[in-house]
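Have the viewer open and follow along.

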Amino acid sequence: MPQSRREQIVREVMARCQAAIAPVTVLRQPVTAIPREQAPALVVSIASDAPVKRSNDRVERELVLRIIGHARDPTDGYAVADDLLCRAHSALLLDATLGGLALNVAEMDADYQAEDADVEAIAIPAYYRITYRTFAHDLTQKG
């Protein structure tokens, strides 16, 4: 079964992040809170995916990923979460085409927040806009 370009890109991002932060785990869009024993962790979620420009039979699209460094560290959770994001950032922007899957990867913004549930829980999100192209009639093919 062929995968959409979006799915191929997300899987490539996951693989690059996992290689960059090993042995820390990379999770994809978990639907429940990250258990204490799973921290630190990096979470990759799709924030949006939208067509932005159409030229004949090709569509340029923008995929926005939210990548979050999670840490529970009584000494300095911000440093742990920040380190995860720094390593993931380097892995993503080393080749901004993700091996030819994308036209570009661009950093957007980040905000720092402490989780309300636990004084030691830190979550630092960063957003990346990934521009890619498909055919209008086929989401699996590079346009």
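**Notes on a predicted model**

1. Cysteine 17 is buried, its relative accessible area being 0%.

2. Is cysteine 86 buried or partly exposed? Cysteine 86 is partly exposed, at a relative accessible area of 41%. Cysteine 86 is in no disulfide either. A disulfide needs the two sulfur atoms within 2.5 Å, and the count here comes to zero.

3. Cysteine 17 turns up again in the largest nonpolar core, which has 29 residues. Cys17 is listed among those with the most contacts inside that core, together with Ile9, Val13, Leu42, Ile67, Leu98 and Ile130. Which elements give two or more residues to this core? They are helix 1 (5-21), strand 2, strand 3, helix 2 (77-93) and strand 6.

4. Leaving aside residues up to four places away in sequence, valine 13 touches Val44, Leu65, Ile67, Leu92, Leu98 and Ile130. There is also a second, separate core of six residues, with Ile34, Ala41, Ile68 and Ala123 among them.

5. Next, look at strand 3 (residues 58-72). Why is strand 3 largely enclosed by the rest of the structure? Eleven of its 15 residues are buried, so the strand is largely enclosed. When you trace it, remember that side chains in a regular strand alternate between the two faces of the sheet.

6. Strand 3 has a strand to pair with in strand 2 (residues 41-55): the two run antiparallel, with 13 bridges. One spot to check is alanine 50, whose bridge partner in strand 3 is glutamate 62. Two residues sit between these strands in the hairpin, where asparagine 56 takes a positive phi near 55 degrees.

7. Strand 3 also pairs with strand 6 (residues 121-135), again in the antiparallel sense, over 15 bridges. Here glutamate 60 has arginine 133 of strand 6 as its bridge partner.

Key:
Residues are numbered from 1 along each chain as its sequence is written. This is a predicted model: local features need pLDDT of at least 70, side-chain atom pairs count only at pLDDT 80 or more; totals for chains, interfaces and linings use all residues. Side-chain values use heavy atoms; hydrogens and water are left out. Buried means under 20% relative accessible area, exposed over 50%, partly exposed in between (1.4 Å probe, protein chains only). Helices (H or I, at least four residues) and strands (E, at least two) are DSSP runs, numbered from the N terminus. Two strands pair if DSSP finds at least two bridges between them. A nonpolar core is a set of buried Ala, Val, Leu, Ile, Met, Phe, Trp, Tyr and Cys residues joined through side-chain atoms within 4.5 Å. Contact means heavy atoms within 4.5 Å.
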